[in-house]
Amino acid sequence: MIDVLVIGGGNAALCAALMAREAGASVLLLEAAPRVWRGGNSQHTRNLRCMHDAPQDVLVEAYPEEEFWQDLLKVTGGQTDEKLARLVIRASSNCRGWMRRHGVHFQLARCTPHAPMRFSWVAARR
């Protein structure tokens with residue numbers, strides 16, 4: 001019996017499958033792409049936003065909560081639930097460490113300070 005079925009192997013799908021497994025669910029992930037392409041377009045991603053108060057390895061400048069919040073207001077035209085958004089912003093400070101523990105490799109990319117990295121999932125069985 002499978003508790004959770006995840007269709008696709010992109011970044012969001014892999015994160016969902018891992019979170020479900022960490023919560024104790026049995027998970028089946030179906031992906032049509034070859035193993036070397038695991039993670040979908042994530043290897044081309046240059047815009048993983050996560051809050052951080054100081055430079056950290058591939059994050060070359062700080063991206064504090066208030067700046068993240070202001071950027072979110074701009075892209076949503078102010079149509080954002082502040083309480084929920086700030087909860088997500090604060091939690092985003094942990095996403096890189098969590099992703100690394102699950103095999104993500106981050107690379108420094110030449111782009112804007114708020115999008116200074118590329119990442120890819122390694123093709124390793126867990």
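**Close-up views of a predicted model**

View 1. Arg90 is partly exposed, because its relative accessible area is 43%, between the cut-offs of 20% and 50%. This comes from a predicted model. Arg90 forms a salt bridge with Glu65, at 2.9 Å from N to O. The pair links distant parts of the chain: Glu65 sits in helix 2 and Arg90 in helix 3, 25 residues apart. Glu65 is buried, with a relative accessible area of 18%.

**View 2. Arg86 and Glu66 also join helix 3 to helix 2.** Their closest N and O atoms are 2.9 Å apart, in a salt bridge. Arg86 belongs to helix 3 and Glu66 to helix 2, 20 residues apart. Arg86 is buried at 13% relative accessibility. Glu66 is partly exposed at 40%. A network of salt bridges links Glu65, Glu66, Glu82, Arg86 and Arg90.

**View 3. Helix 3 has a buried face.** Ala85, Arg86 and Ile89 are the buried residues of this helix, which spans residues 82-91. They fall within an arc of 95° seen down the axis, so they line one face. They pack against helix 2 (65-76). On the other side of helix 3, Lys83, Leu84, Leu87 and Val88 are exposed. At the start of helix 3, a side-chain oxygen of Asp81 comes within 3.1 Å of the backbone nitrogen of Lys83.

**View 4. A nonpolar patch lies on the surface.** Ile2, Leu5, Ile7, Leu28 and Leu30 form the patch, with about 470 Å² of accessible area together. Strand 1 (4-7) and strand 2 (27-30) each give two or more residues to the patch. Leu28, in strand 2, is partly exposed at 38% relative accessibility.

Technical notes: Residues numbered from 1 in each chain as written. Predicted model: local features only at pLDDT ≥ 70, side-chain atom pairs only at ≥ 80, totals over all residues. Heavy atoms only, no water. Patch = residues over 30% accessible without salt bridge, like charges linked within 9 Å, V, L, I, M, F, W, Y side chains within 5 Å. Areas by Shrake-Rupley, 256 points an atom, 1.4 Å probe, with all protein chains shown as cover. Salt bridge = Lys/Arg side-chain N within 4 Å of Asp/Glu carboxyl O. Helix = DSSP H or I, 4+ residues; strand = E, 2+ residues; numbered from the N terminus. Buried < 20%, exposed > 50% of the residue type's maximum accessible area, 1.4 Å probe, protein only. Arc of directions from axis to C-beta. Contact = heavy atoms within 4.5 Å. Polar contact = N/O pair within 3.5 Å; in protein donor to acceptor, adjacent residues only side chain to side chain.
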